[in-house]
Amino acid sequence: MEQKRDLLSWQWPFFLIFFVINFTGLITTAYYGRDELHLHFNRIYHNLYSDYFFKYYTDLATTYVLILILVYIIWKGTWKHLLFIGATAVLSSIFSSVIKRSLFVDVHRPTYYFSQKHISLRLIDGVESQIPYTFPSGHTVLAVILCFYLCMQIRNRYIQIFISLLMGLVAVGRVYLSKHFVIDTIGGSMLGLFFAILGYYLIWNCSNEKLNRKIIPSK
C-alpha cells in the first residue's frame with residue numbers, strides 16, 4: 001500500500017489532469033451523445049491555425065516523441081527505462097489492436113460513419129480518412145504512457161502539469177481530425193493508464209540490479 005501512496009503523491013499532477021480530461025469527456029458524451037458531441041465539436045471549434053497545428057501535432061507528440069525517448073534511453077539510460085517504455089508501448093499496442101479487430105471491428109471512424117449517414121464533416125486538407133478500427137484510440141494510449149514516463153523523470157510540478165496538458169491535446173487532436181470519437185480517446189486513455197501502472201509495478205519497482213545497468217556502458 002505504501003508504494004501506491006508514493007505513486008499518487010509523486011504523480012498527482014498527471015492523475016489530476018488525467019481524471020479531469022476523461023471525466024469531462026464522459027460527462028459531455030453522456031449529455032450530447034457520441035454523434036452529436038462529435039458534430040458539435042467539428043462544426044464549432046475549427047479554425048485555420050488549429051487545423052495546421054493538429055494536422056501534425058498528434059503524430060509528433062506520440063510517434064516522434066517515442067523515437068526521441070528511445071534514442072536518448074539507448075544513449076544515456078538503463079535497461080529499466082528501455083524495458084519500461086518498450087514493454088508498455090508494445091503490449092498496449094498489441095492489446096489495442098486485438099480489441100479493435102475483434103470486439104469493435106464493425107465500429108467505424110467518424111469520417112466513414114457520418115458519410116454513411118450522408119452528414120458532411122469539416123475535414124482538414126492533407127489528412128487521410130480511415131474507415132475501421134476506431135475504438136480505442138491508439139495515439140491516446142501511447143500519449144498516456146509517454147506522459148506517465150516523462151512525469152516520473154521530472155520533479156518540477158509545473159513541467160509535469162504542462163506535459164500532462166500536452167497529453168490531453170493528443171486526445172483533443174484525434175477528435176479534431178475526425179480520426180476518433182471522444183469515447184475512443186477515453187478508452188485509449190484508460191488502456192494506456194492500465195499498462196503504465198502495470199509497467200510501474202512490474203518493471204520500474206523491480207529489484208533486479210541488472211536492470212539498472214547502462215545500455216551503453218560508460219568508458
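I take helices (H or I, at least four residues) and strands (E, at least two) as DSSP runs, numbered from the N terminus. The model is a predicted one, in which local features need pLDDT of at least 70, side-chain atom pairs count only at pLDDT 80 or more, and totals for chains, interfaces and linings use all residues. Residues are numbered from 1 along each chain as its sequence is written, and side-chain values use heavy atoms, with hydrogens and water left out.

**Entry 1: the loop between H6 and H7**

I looked up proline 136 and placed it in the loop that runs between helix H6 (110–116) and helix H7 (138–153). Phenylalanine 135 and proline 136 are joined by a cis peptide bond, with omega about 0°.

I then checked backbone phi in this loop. Histidine 118, which is not a glycine, has a positive phi of about 60°, and it belongs to the loop between H6 and H7. Tyrosine 133 also lies in the loop between H6 and H7, and its phi is positive, near 65°, although the residue is other than glycine. I note for context that most residues other than glycine have a negative phi, and that most peptide bonds are trans.

Histidine 118 is exposed, at a relative accessible area of 75%. Tyrosine 133, at 25%, is partly exposed.

**Entry 2: tyrosine 57**

I located tyrosine 57 in helix H4 (residues 48–76). Its relative accessibility is 11%, so tyrosine 57 counts as buried. I take contact to mean heavy atoms within 4.5 Å. Leaving aside residues up to four places away in sequence, tyrosine 57 touches Leu166, Leu169 and Val170. Along the chain, tyrosine 57 and leucine 169 are 112 residues apart, yet their C-alpha atoms are separated by 8.5 Å.

**Entry 3: H2 against H3**

Which angle do the axes of H2 and H3 form where they cross? I treat axes as lines fitted to C-alpha atoms, for helices over the stretch in contact, with angles from 0 to 180 degrees between N-to-C directions. The axes of helix H2 (residues 12–32) and helix H3 (residues 34–44) cross at roughly 105° and come within 6 Å. H2 is therefore roughly perpendicular to H3, a class that covers 65 to 115 degrees.

I recorded the contact residues as Thr28, Thr29 and Tyr32 of H2 with Arg34, Glu36, Leu37 and His40 of H3.

Terms used: Buried < 20%, exposed > 50% of the residue type's maximum accessible area, 1.4 Å probe, protein only. Parallel < 35°, antiparallel > 145°, perpendicular 65-115°, else oblique.
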